[in-house]
Amino acid sequence: MKEVLKEAISRYGDDMQITVCIEELSELTKELCKFKRGEGKKLNIAEEMADVRIMLDQLEIIFDNSEDVQDWYKYKVNRLKSRIRIEKKAKIKEIAERLL
C-alpha cells in the first residue's frame, strides 16, 4: 500500500497532497458536526476517517517523519494514560472524603 501512496505523491506533488489532506480534514470535521446535530451517519464518518488516514500516511512520507510521529504518538498516549490515572485517584479521594 505504501507504494500506492508514494506514487500518488509522485504523480500529484507534495503541495497538492498537502492541500488534499487539508480538504479531507475539513470533510471529516463537517461529518462530525453533522453527527453532533443528529444528522450525520457513522458510515460517512468512517469513510472520511479512512480518507484522512490515507492523507496522514502520505504526509509521513512527504515529511519523512514516521519515527517522530510514532514517538509523539506514544508520548501523548502515555500522557493521556497518566491524566486518566490522576483523575481516577482524585475521584476516589473525593468519594472517600464525602463518606467520612
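Modeller: Arg37 and Glu39 form a salt bridge in this predicted model, with their closest N and O atoms 3.1 Å apart. The term salt bridge is used when a side-chain nitrogen of Lys or Arg lies within 4 Å of a carboxyl oxygen of Asp or Glu. Arg37 and Glu39 are both exposed. Relative accessible area sets that label: under 20% is buried, over 50% is exposed and anything in between is partly exposed, using a 1.4 Å probe and protein chains only.

Two notes on the basis come next. Residues are numbered from 1 along each chain as its sequence is written, and side-chain values use heavy atoms, with hydrogens and water left out. As the model is predicted, local features need pLDDT of at least 70 and side-chain atom pairs count only at pLDDT 80 or more, while totals for chains, interfaces and linings use all residues.

The whole structure has four salt bridges. Among them is the one between Lys91 and Glu94, at 4.0 Å from N to O. These two residues sit three apart in helix H4 (residues 66-99), about one turn of the helix. Helices here are DSSP runs of H or I with at least four residues, strands are runs of E with at least two, and both are numbered from the N terminus. Lys91 counts as partly exposed because its relative accessibility is 43%, and Glu94 is also partly exposed, at 38%.

Glu94 has a further partner, Arg98, with an N to O distance of 3.4 Å. Glu94 and Arg98 are four residues apart in helix H4, so about one helical turn separates them. Arg98 is exposed, at 58% relative accessible area. Through shared partners, the salt bridges join Lys91, Glu94 and Arg98 into one network.

Now the helix packing. The axes of H1 (residues 2-12) and H3 (residues 42-63) come within 10 Å and cross at roughly 70°. Each axis is a line fitted to C-alpha atoms, for helices over the stretch in contact, and angles run from 0 to 180 degrees between N-to-C directions. H1 and H3 are therefore roughly perpendicular, a label for 65 to 115 degrees; under 35 is roughly parallel, over 145 roughly antiparallel and the rest oblique.
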